[in-house]
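Welcome, and thanks for taking a look at this one with me. Please open the sequence and the model side by side, and we will walk through a few places together.

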Amino acid sequence: MALDLEKIKKIRESLEPVPLPEHDGVCYPSFLPFREKGAEQALKDITNFQSSDTDIMICTYAKSGTHWINEITSMLIRKTAELDNKDKATTMLETISDFSVTDDLQSPRLLNTHCQFRYLPKGQIVQRGKIIHMIRNPKDICASYYYHSRKDNIFLSFFGTWNEFFDLWMSAKCAYGSWYTYEKGIEQAEKDYPCMIFTCSYEEMKKDTERELKRLADFLEIPCTESTLEDIAKATSFQNMQHHKLDSTKELDGKGFIYRKGEIGDWKNYFTVAQNERFDEQYTERFKDSTYKLTFE
Ligand code: A3P
C-alpha cells in the first residue's frame, strides 16, 4: 500500500496542470487515462471494463461524501470496524490506467466512479451488480468542490475565486459537468433497473448513521449485529476518518484536502444572497420533478 501512495505522490509531482479533457460538452479531471487517451476513449474504456457479477460500485457526483460511503461499505463487506488501509483513489475507475490491477482486489470488488450512469461498465448493469449512490445537498457540494478544486489544481486546473467557481458550477463547466444531469441519470436508472441501486443522502447518513447503515447492510444482504453497526458508525465518524484514514492527498502538504469540515450547511459561509437566489431559481427549475427530496439547512 505504501507503494500506492508513493506512486500517487510521484505522479502528482511529475504533472503540470492542463486544460480539462472534454467529451460531449462535459469536462473531466485530467487524471492520467484522460490525459493519455483523451476523455472519449477513457470513458469508453470505463464502459467496457470487465465487470464481475459480485462487483459493488459506489456512484456519486464529486464531493457528495464518496470517501465516507466507500469506507462504510468496505467495513460492511469486510465485517469489521477497522479502517481499510487503502485509499479510495486506488479503486476509482477514472484514475486507473491499467484495469488489470483490479484483478488483484478481493471479491466482492469495491469500485467507485463519479462518471454519469450512462458511462458505467456495461457488465455492471447487465449483471445487475449492486450500485450504491449517495446524494448530497448541492449547495454544500458546490462549497466543498470549490475548496477541493483550489487545492487539487494539478488535476482540476482551477486557480480562481469563489465567485468564479460558482459561475463554473452554474454553467456546468466544472469537472464532471452538471449535477442535475448526473442525478437525473441515476434517478432514471433506479426506475429502469429496480432493486439494483441503493440511494442514501449525506444528510440522512449524518443524522441517523445507524439507521442508514442498517438499510445499506440489508441492501448488501450482509447480516450485522446492532453492536457492529454501532462500531462502524463510530469508526467512520468524520473525526475518526479525518485523523486516522489513510489519505493520499496528505502526501502533498501533510494536511490533505478530503476531510475538510464534514458538516451540513457550510454553504452559508460562501453563498451571497444573490448567488443563493440564482441557485434556488435554477434548482427549482431543473429539479422540481425529482423524487429526491433534499433540504437546504
Ligand atoms: P466538506 O468539504 O464539506 O467537508 P468526497 O469524498 O465525495 O470527495 O466528499 C468529500 C466531502 O465529504 C467533504 O465535505 C468531506 O469533509 C466529507 N466527508 C468525508 N468523510 C466524512 C465522514 N466520515 N463524515 C462526514 N463527512 C465526511
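How far is an oxygen atom of the ligand from an N or O atom in the side chain of Thr 66? The separation is 2.5 Å. Keep in mind as you read that this is a predicted model.

- At Gly 65, a backbone N or O atom lies 3.1 Å from an oxygen atom of the ligand.
- The protein buries 98% of the 570 Å² that the ligand exposes when taken alone.

**The shell around the ligand**

- The ligand is surrounded by 19 residues, and the closest are Thr 66, His 67, Ser 144, Arg 260 and Lys 261.
- Sorted by class, the shell holds eight polar, six nonpolar and five charged residues.
- Three helices, α4 (66-78), α10 (202-207) and α13 (238-244), each supply at least two residues of this shell.
- The largest share, three residues, comes from α4.

**Helix α6**

- Spanning residues 138-151, α6 has 14 residues and reaches 20 Å from its first C-alpha to its last, close to the 20 Å expected at 1.5 Å a residue.
- Eleven of those 14 residues are buried, so α6 is largely enclosed by the rest of the structure.
- Ser 144, one of the residues closest to the ligand, is among the buried residues of α6.
- Others in the buried set include Pro 138, Lys 139, Asp 140, Tyr 145, Tyr 146 and His 148.
- The cover over these buried residues includes α7 (153-156), α8 (162-170), α9 (179-192) and α15.
- At the N-terminal end, Asn 137 caps α6, with a side-chain oxygen 2.8 Å from the backbone nitrogen of Lys 139.

- Leu 294 sits in the segment after α15 (273-287).
- Is Leu 294 buried or exposed? Leu 294 counts as buried because its relative accessibility is 15%, and the cut-off for buried is under 20%.
- Leaving aside residues up to four places away in sequence, Leu 294 touches Ile 135, Arg 136, Asn 137, Pro 138, Trp 179 and Tyr 283.
- Asn 137, the cap of α6, is 157 residues from Leu 294 in sequence, while their C-alpha atoms are 6.1 Å apart in space.

Technical notes: Residues are numbered from 1 along each chain as its sequence is written. This is a predicted model: local features need pLDDT of at least 70, side-chain atom pairs count only at pLDDT 80 or more; totals for chains, interfaces and linings use all residues. Side-chain values use heavy atoms; hydrogens and water are left out. A residue is near a molecule or strand if one of its heavy atoms lies within 4 Å of it. A polar contact is a pair of N or O atoms within 3.5 Å; within protein, one must be able to donate a hydrogen and the other to accept it, and residues adjacent in sequence count only if both atoms are side-chain atoms. Accessible areas come from the Shrake-Rupley method with a 1.4 Å probe; for residues, only the protein chains shown count as cover. Helices (H or I, at least four residues) and strands (E, at least two) are DSSP runs, numbered from the N terminus. Ala, Val, Leu, Ile, Met, Phe, Trp, Tyr, Cys and Pro count as nonpolar, Asp, Glu, Lys and Arg as charged, and the others, Gly among them, as polar. Buried means under 20% relative accessible area, exposed over 50%, partly exposed in between (1.4 Å probe, protein chains only). Contact means heavy atoms within 4.5 Å. The expected span of a helix is 1.5 Å times one less than its number of residues.
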